[in-house]
Amino acid sequence: MYAKKISEIEKLIQKQDEWRCQCINLIASENVLSQRARAAGCSDFAHRYAEGHPGERYYRGTSYIDEIESQLKTNLKIIFECDHCEVRPISGTNANEAVFSRFVGPGDVVMVNSTPGGGHISHHRRGSLGKFTHNIIDFPVTTDGYRIDVEKAAYLIEKTRPKLIVVGKSLFLFPEPVAELAEACRHSKTLIMYDGAHVLGLIAGKRFQRPLAEGAWLMTASTHKTFFGSQRGVILSNMEEESWRKIDRGAFPGSSSNHHLDTLAQMAICAYEMMDFGDTYAEDTIRNARSLAAALDRLGFDVQGREFGYTESHQVAVNVKAQGGGEKVSRTLEANDIILNMNMLPHEPLSNHDRPDGIRLGVQEMTRFGMGEAEMGQIAELIHACIVGKKDVKEDVNRFRSQFREVRYSYDNFGERRTEPLKLMKSA
Ligand SMILES: Cc1ncc(COP(=O)(O)O)c(C=O)c1O
C-alpha cells in the first residue's frame with residue numbers, strides 16, 4: 001500500500017545525495033565520511049544491541065563489536081593521550097548530558113559561554129544543563145567578544161565558586177584559556193569541562209590546543225565536525241577511577257541504552273583515518289579558514305577577529321548586517337547552492353536569535369574534498385558576486401564543485417592514500 005511512498009522517500013534521499021555534492025558546503029558542524037567509512041554503514045550492526053562494555057555485555061552475539069569497540073577506545077586514548085575514553089554517547093549533546101547528570105545538581109553554579117558568545121544550547125537553561133541546575137552564569141569576555149576575559153573570570157570564579165565551568169563552544173575561533181582558568185579553579189575546587197565538539201579533529205591533529213594537558217578535567221565532543229565522523233559523541237579524561245565510574249554510569253544507563261553499533265563501527269574506521277591523516281588535515285583546514293577570512297575581508301566583508309588573524313580554527317565569522325543580516329544572506333546563498341548558517345555574534349542580544357547579524361562558515365568539509373587556498377579565494381569571490389553583486393552564481397558554484405567530488409585524507413579500497421588536493425581546473 002505504501003510502496004509508492006517508500007519510493008518517494010528513496011527519491012528524496014537520492015536528491016539530497018545529488019544536490020549536496022553540487023554545493024559548496026560551509027556548515028561548520030558538518031563533515032563527510034570517507035568512501036570506506038560510508039560503505040561500512042549498511043552492515044548487520046545497524047540491527048543490533050550491545051549494552052555494557054566489550055567482554056561484559058548484557059546481550060549475546062557481540063564478539064565482533066567487542067573487538068571493534070575495544071580497538072576504537074584504544075586508538076582514541078592514543079590520539080588524545082588519556083586514560084579514559086567513553087564512546088557510547090550517540091551525540092555530543094548526549095555526552096554532555098552524561099556528565100551533567102552525574103556532576104551537577106540543583107543549586108550548583110556552572111559557568112558557561114553565553115549563547116551570543118558562541119556557547120552551545122546544551123550548556124544552557126533551555127538545554128541539557130538546565131535540567132540539572134538553573135544557576136548558570138556566563139563567562140565575562142574581552143571587548144571583541146571572542147575570548148574569555150581571564151582576569152574577570154578568575155574573580156567571578158573566586159566569588160561564586162562554581163561546581164563546573166564549561167569551556168569550548170559552537171562559534172569557536174580561538175583556543176580557550178584553559179591553563180589560565182585552571183589556576184583560578186584550583187582554589188575553588190571547580191571542575192573544568194572542555195566541550196571540544198567543533199575542534200576535536202584539530203586537537204587530534206595537534207594543531208589547536210591540548211585541553212587535558214592544559215588542565216581540563218574532562219573533554220566531551222561530537223565526532224563529526226572536524227573529526228572525520230561518524231555522527232556520535234565521546235568523553236575523554238585522565239580523572240581518577242571513582243569519578244570515571246560516575247561518568248561511565250552517566251553514559252549507560254544514564255543517557256543511553258543502545259549505542260548504535262553501525263555508526264560505532266564506522267567511527268572505528270574514521271579513528272584510523274585520523275591517526276594517519278589528522279595532522280595534515282588539521283593544518284590544511286586551519287590554513288584554508290584563514291585564507292577564506294582574508295579573501296572575504298579584502299572583498300569588503302566585515303570579517304570578525306581581524307585583529308587576531310581572523311581565526312585559529314576551521315571557522316570564520318562574518319557580520320553581514322550591512323548586507324541584510326544572517327537570515328537573508330544565508331537564504332540567498334542557499335538559493336545559489338552555497339550552504340552555511342546564520343549565527344548570532346557576541347555583541348548581539350539573545351532576542352536576535354532568529355535574525356542575527358552574522359554568518360558562520362566552516363571550511364573543514366571542503367578541505368576534505370581537496371580544496372586549498374586558491375579555492376578559498378574562489379569561494380569568497382562567489383559569495384561576493386552573489387551577495388554584493390546580486391548575481392545568480394548557482395551554475396558557477398556547481399561547475400566549481402564538480403572538480404572536488406572525492407573525499408581525500410582517506411584510503412581507497414586498495415589502501416592507496418588520498419591526500420593531495422586535486423589539481424585545480426580553471427572554472428569559468
Ligand atoms: C559546542 C558544541 N557542543 C555540543 C554540540 C552537540 O553536538 P551534537 O550535535 O553531536 O549533539 C555542538 C553541536 O553543534 C556544539 O557546537
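Author: **Helix packing and the neighbouring sheet**

Helix α3 (residues 63-80) packs against α10 at an angle of about 40°, with the two axes 9 Å apart; here axes are lines fitted to C-alpha atoms, for helices over the stretch in contact, and angles run from 0 to 180 degrees between N-to-C directions. Helices (H or I, at least four residues) and strands (E, at least two) are DSSP runs, numbered from the N terminus. The crossing of α3 and α10 is left-handed, a term used when the near helix is turned anticlockwise from the far one by less than a right angle. On the α3 side the contact involves Ile65, Ile68, Glu69, Gln71, Leu72, Asn75, Leu76 and Ile79, and on the α10 side Leu261, Leu264, Ala265, Met267, Ala268, Ala271, Tyr272, Met274 and Met275, where contact requires C-beta atoms, placed from the backbone, to lie within 7 Å. By class, this contact of α3 with α10 has 14 nonpolar, two polar and one charged residues; Ala, Val, Leu, Ile, Met, Phe, Trp, Tyr, Cys and Pro count as nonpolar, Asp, Glu, Lys and Arg as charged, and the others, Gly among them, as polar.

This is a predicted model, in which local features need pLDDT of at least 70 and side-chain atom pairs count only at pLDDT 80 or more, while totals for chains, interfaces and linings use all residues. Residues are numbered from 1 along each chain as its sequence is written.

Helix α10 (residues 261-298) also lies across β11, β12 and β15 (358-362), running at about 20° to β12. These strands belong to an open sheet of four, in the order β11-β12-β15-β14, with antiparallel pairing, where two strands pair if DSSP finds at least two bridges between them. Because β11 (302-303) and β14 (341-343) stand at the edges, each with a single partner strand, one side of each is left without a neighbour in the sheet. The partner β12 (residues 315-319) joins β11 in the antiparallel sense over two bridges, and Val303 stands opposite Val318 in β12. Helix α11 (residues 326-335) lies across β14 and β15, running at about 170° to β14.

In the wider chain, the domain assignment, which is automatic or taken from a database, gives domain 1 (37-269) and domain 2 (278-418). The centres of domain 1 and domain 2, taken over C-alpha atoms, are separated by 26 Å, and 22 residues of domain 1 are in contact with 25 residues of domain 2. The side of domain 1 that touches domain 2 has, by class, twelve nonpolar, seven polar and three charged residues.

Key
Two residues are in contact if their C-beta atoms, placed from the backbone, lie within 7 Å.
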